[in-house]
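Hi,

Here is the structure I said I'd pass along.

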Amino acid sequence: MGVATIAAALTAKRPWLSILCESCDGVTDLDLRMKPRPPDASIRIALREVRCPRCNGHGRPRIVGLSGGIK
Ligand SMILES: [Zn+2]
């Protein structure tokens with residue numbers, strides 16, 4: 001994955017972060033535009049804000065990719 005910062009993800013027009021829960025394999029999509037964040041911060045800071053809805057954050061979240069949000 002070449003994108004490392006929030007600014008890079010937004011510039012690449014891929015603001016949706018896909019996060020995999022290592023406990024239940026559930027994937028949560030997070031829109032990086034929804035909250036103001038320092039643009040030079042790593043996209044990994046968004047991991048702190050994610051709680052898996054399936055297992056209530058029991059597992060460790062992991063970034064699996066970025067997308068443009070069109071599915
Ligand atoms: Zn989970």
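Below is what turned up, starting with the ground rules.

This is a predicted model, where local features need pLDDT of at least 70, side-chain atom pairs count only at pLDDT 80 or more, and totals for chains, interfaces and linings use all residues. Numbering runs from 1 along each chain as its sequence is written, and side-chain values use heavy atoms, with hydrogens and water left out.

The metal site: Cys21, Cys24, Cys52 and Cys55 each coordinate the zinc ion through SG, at 2.2 to 2.4 Å (donors are N, O and S atoms within 2.8 Å of the metal, or 3.2 Å for Na, K and Ca; water is not among the atoms, so sites may look incomplete). The site is tetrahedral, with angles of 98 to 120 degrees among the four donor atoms (four donors qualify if all angles lie between 85 and 135 degrees). Along the sequence, the donor residues follow C-x2-C-x27-C-x2-C. Cys52 is buried at 8% relative accessible area, while Cys55 is partly exposed at 21% (buried is under 20%, exposed over 50%, partly exposed in between, with a 1.4 Å probe and protein chains only).

Leu20 sits opposite Val27 in β2.

One for your torsion checks: Asp25, in the loop between β1 and β2, has a positive phi of about 65 degrees although it is not a glycine. Asp25 is exposed, at 55% relative accessible area.

Cheers

Definitions and conventions:
Pairing = 2+ DSSP bridges. Helix = DSSP H or I, 4+ residues; strand = E, 2+ residues; numbered from the N terminus. Tetrahedral: all angles 85-135°; square planar, octahedral: opposite > 155°, others 65-115°.
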